[in-house]
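Here is a short report on one structure. It covers the core, the helix packing and a few individual residues.

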Amino acid sequence: MKWTDINDIAVALINSYPDINPQYIRFTDLYQWVIKLDGFDDKPKFSGEKILEAIQLAWIRDAD
């Protein structure tokens, strides 16, 4: 997965952190969780606030 694979990352986060409410996460935590996901293979420095926000929104949407 790359940073641009927003939906795939959201699904992986749902499966990896089922007890986390994505509405109340910090981007610093989200960043760490994403780079630790199995199958994530992108440079951490390519992340940014807009990407993390998109991941969070997809996680919120898909968690419902």
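## Basis

Helices (H or I, at least four residues) and strands (E, at least two) are DSSP runs, numbered from the N terminus. This is a predicted model: local features need pLDDT of at least 70, side-chain atom pairs count only at pLDDT 80 or more, and totals for chains, interfaces and linings use all residues. Residues are numbered from 1 along each chain as its sequence is written, and side-chain values use heavy atoms, with hydrogens and water left out.

## The start of the chain

Met1 sits in the segment before α1. Its relative accessible area is 22%, so Met1 is partly exposed. The scale runs as follows: buried is under 20% relative accessible area, exposed is over 50%, and partly exposed is in between (1.4 Å probe, protein chains only).

Contact means heavy atoms within 4.5 Å. Leaving aside neighbours within four places in sequence, Met1 is in contact with Asp8, Ile9, Ala12, Leu37, Asp38, Gly39, Phe40, Asp41 and Asp42. Met1 and Ser47 are 46 residues apart along the chain, and their C-alpha atoms are separated by 13 Å.

## The nonpolar core

A nonpolar core is a set of buried Ala, Val, Leu, Ile, Met, Phe, Trp, Tyr and Cys residues joined through side-chain atoms within 4.5 Å. The largest one here has 16 residues. Ile9, Leu13, Leu30, Val34, Ile55 and Trp59 have the most contacts inside it. Three helices each supply at least two of its residues: α1 (6-16), α2 (27-35) and α3 (49-63). The largest share, 5 residues, comes from α1.

Take Ile9. Neighbours within four places in sequence aside, Ile9 is in contact with Met1, Lys2, Trp3, Val34, Leu37, Phe40 and Ile55.

## α1 against α3

The axes of α1 and α3 come within 8 Å and cross at roughly 60°. Axes are lines fitted to C-alpha atoms, for helices over the stretch in contact, and angles run from 0 to 180 degrees between N-to-C directions. The two helices, α1 and α3, are therefore oblique to each other. Angles under 35 degrees count as roughly parallel, over 145 as roughly antiparallel, 65 to 115 as roughly perpendicular, and the rest as oblique.

From α1, the contact uses Ile6, Asn7, Ile9, Ala10, Val11, Leu13 and Ile14. From α3 come Ile51, Ala54, Ile55, Ala58, Trp59, Arg61, Asp62 and Ala63. By class, this contact of α1 with α3 has 12 nonpolar, 1 polar and 2 charged residues. Ala, Val, Leu, Ile, Met, Phe, Trp, Tyr, Cys and Pro count as nonpolar, Asp, Glu, Lys and Arg as charged, and the others, Gly among them, as polar.

## α2 against α3

Here the axes of α2 and α3 come within 10 Å and cross at roughly 80°. That makes α2 roughly perpendicular to α3. On the α2 side are Phe27, Leu30, Tyr31, Trp33 and Val34. They meet Glu49, Leu52, Glu53, Ile55, Gln56 and Trp59 in α3. The residues of this contact of α2 with α3 divide into 8 nonpolar, 1 polar and 2 charged.

## Two loop residues

Pro22 lies in the loop between α1 and α2. Its relative accessibility is 7%, so Pro22 counts as buried. Beyond neighbours within four places in sequence, Pro22 is in contact with Gln56, Trp59 and Ile60. Pro22 and Asp38 are 16 residues apart in sequence and 19 Å apart in space, C-alpha to C-alpha.

Gly48 is in the loop between α2 and α3. At 27% relative accessibility, Gly48 counts as partly exposed. The C-alpha atoms of Gly48 and Met1, 47 residues apart along the chain, are separated by 16 Å.
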